[in-house]
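Let's walk through this model together, one spot at a time. Keep the sequence and the 3D view side by side as you read.

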Amino acid sequence: MSVVNLPDGRKLTLAGEQAWTKPANPPASRIAYAAAHVVADPRAENAPGAPAVLDWETTLAFRHHLWSHGFGVAEAMDTAQRGMGLDYAATRELIRRSAASAAAAGGKIVAGVATDQLPPGPASLSAVRAAYEEQLADVLTAGANPVLMCSRHMAAAAVSADDYLTVYRDLLDKSDKPVVLHWLGTAFDPALEGYWGSSDVDKATETVLELINANPAKVDGIKISLLDADHEIRLRRRLPAGVRLYTGDDFNYPELIRGDEQGYSDALLGIFAAIAPAAAAALAALDRGELDEYDRIFAPTVPLSRHIFKAPTFYYKTGIVFLAWLAGHQEHFTMVGGLQSGRSVPHFARLIELADAAGLLPDPSLAAHRANRFFEVTAG
């Protein structure tokens with residue numbers, strides 16, 4: 001039976017996955033990366049503060065799932081629990097293995113460059129720059145294209161916009177591949193307050209544009225995760241030719257990717273990993289110019305995404321992994337750092353309803369069985 005006994009006493013009969021058609025090729029009209037989660041080894045410690053131990057086979061299998069739907073993989077990003085359980089030793093190995101798998105599969109891959117090998121707490125600007133450079137070298141050696149992620153250490157050490165420009169210019173000079181810049185807002189990480197030298201988003205934007213305009217050949221694009229569609233559009237319209245805007249807006253992605261008469265956003269999204277079959281079908285419809293179909297497919301995914309990414313937004317990874325478990329991509333609901341405790345039972349109950357409404361549970365019997373087991377243990 002595909003009936004879920006919800007904690008509030010209601011019974012939910014799951015409809016199961018819509019019959020999505022897997023595209024033969026990646027989308028042609030947009031570049032789309034899915035930021036992938038990691039699968040913990042449930043037999044290992046993986047407690048808060050413990051080194052991360054991954055189930056490598058299942059972690060890499062999920063990346064092949066994304067490549068098979070035409071997505072590039074954004075590896076070792078925020079979705080993979082950077083700064084929330086995934087230590088740098090595991091991160092470096094994750095990038096190495098994923099980049100090798102991408103080369104074998106013919107899949108696209110970018111990977112995050114940060115400073116999380118440094119211990120928590122204050123660090124000098126020179127130490128931050130050295131940490132960035134070490135990770136940049138690791139990503140380039142692995143064969144992935146680098147994403148220069150925001151750094152908590154950088155936010156704490158920088159005293160001006162010029163500090164950001166100095167460090168980032170040095171990184172651009174040292175990369176032999178165009179990079180993706182990354183602007184992650186405080187909803188995702190409160191420790192990034194004042195990034196790019198100001199808490200005023202408009203002033204910070206001018207710093208970002210100064211960096212890009214001085215180095216357009218070194219910047220593939222910038223990923224914006226501020227959950228502010230109007231700001232993203234304004235920035236998109238000011239980028240120099242050839243520099244892409246990769247939306248990281250998990251609230252407003254359909255309209256930003258669809259675009260307007262002045263342009264559109266490409267995508268680097270955590271939600272795309274969770275909704276890959278539907279997102280691939282929507283992008284295929286966009287390629288065909290079928291805008292009504294594009295809108296129809298994406299429409300029910302937006303309430304799901306907004307629920308997964310609701311405040312406190314930084315716990316969205318918990319919902320991503322819970323949905324991956326319900327959908328059969330992994331055999332357990334365990335996360336590195338013990339992050340499976342990051343959301344409430346009512347949150348998970350609503351997630352199941354929204355995921356089913358969006359046609360994202362391929363085996364409703366399996367999803368119902370797992371959900372019922374979970375609620376029996378957590379809700380009594």
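Lys108 is partly exposed, at 44% relative accessibility (buried means under 20% relative accessible area, exposed over 50%, and partly exposed in between, with a 1.4 Å probe and protein chains only). You will find Lys108 in the loop between H2 and strand E5 (109-113); helices (H or I, at least four residues) and strands (E, at least two) are DSSP runs, numbered from the N terminus. Setting aside neighbours within four places in sequence, Lys108 is in contact with Ile31, Tyr33, Trp67, Gly72 and Val73, where contact means heavy atoms within 4.5 Å. From Lys108 to Val167 the separation is 59 residues in sequence and 27 Å in space, C-alpha to C-alpha.

Before going further, a word on the model: it is predicted, so local features need pLDDT of at least 70 and side-chain atom pairs count only at pLDDT 80 or more, while totals for chains, interfaces and linings use all residues. Residues are numbered from 1 along each chain as its sequence is written, and side-chain values use heavy atoms, with hydrogens and water left out.

Now turn to the loop between strand E4 (72-75) and helix H2 (88-105), which holds Ala76. Ala76 has a phi near 55°, a positive value in a residue other than glycine, and it counts as buried because its relative accessibility is 0%. Gln81 sits in the loop between E4 and H2 as well. The phi of Gln81 is also positive, about 70°, although Gln81 is not a glycine, and at 1% relative accessibility Gln81 counts as buried. Another backbone feature to look up is the cis peptide bond from Ala311 to Pro312, with omega near -5°. Pro312 belongs to the loop between H12 and helix H13 (316-326).

Which residues of helix H11 (residues 291-298) are buried? They are Tyr294, Ile297 and Phe298. These residues lie on the same side of H11 because they cover an arc of only 90° around the axis, the arc being that of the directions from the helix axis to the C-beta atoms. An α-helix has 3.6 residues a turn, so residues three or four places apart point the same way. The buried residues of H11 pack against helix H8 (253-258), helix H9 (271-274), helix H10 (276-287) and helix H12 (301-308).

Helix H8 contains Ile257, which is buried at 1% relative accessibility. Beyond residues up to four places away in sequence, Ile257 touches a list of partners including Arg30, Ala267, Phe272, Leu283 and Tyr294. Ile257 and Ala267 are 10 residues apart in sequence, and their C-alpha atoms are 7.0 Å apart in space.

In soluble globular proteins, nonpolar side chains tend to be buried together. Here the largest nonpolar core has 122 residues, and those with the most contacts inside it are Tyr195, Ile271, Phe272, Ile275 and Phe375. (A nonpolar core is a set of buried Ala, Val, Leu, Ile, Met, Phe, Trp, Tyr and Cys residues joined through side-chain atoms within 4.5 Å.) H10 gives the most to this core, with nine residues. A second, separate core of 12 residues includes Ala74, Met77, Val147 and Tyr246. Among the contacts of Tyr195, leaving aside neighbours within four places in sequence, are Tyr132, Met149, Met154, Tyr164 and Ala204.

Grid points are joined across faces, edges and corners, and a volume is the space filled by probe spheres set on the points.

The largest pocket holds about 610 Å³ of space. Its lining has 31 residues, with Arg82, Gly83, Met84, Asp116 and Arg152 nearest its centre. Helix H4 (residues 152-157) provides the largest share of that lining, three residues.

The largest cavity holds about 90 Å³. It is lined by 16 residues, and Asp78, Thr79, Lys223, Gly270 and Tyr316 are the closest to its centre. Strand E7 (179-184), strand E8 (219-225) and strand E10 (266-269) are the elements that give two or more residues to this lining.

Terms used. 1 Å grid on protein atoms, 1.4 Å probe; cavity = no way out; pocket = protein on both sides within 12 Å on 5 of 7 lines; lining within 4 Å.
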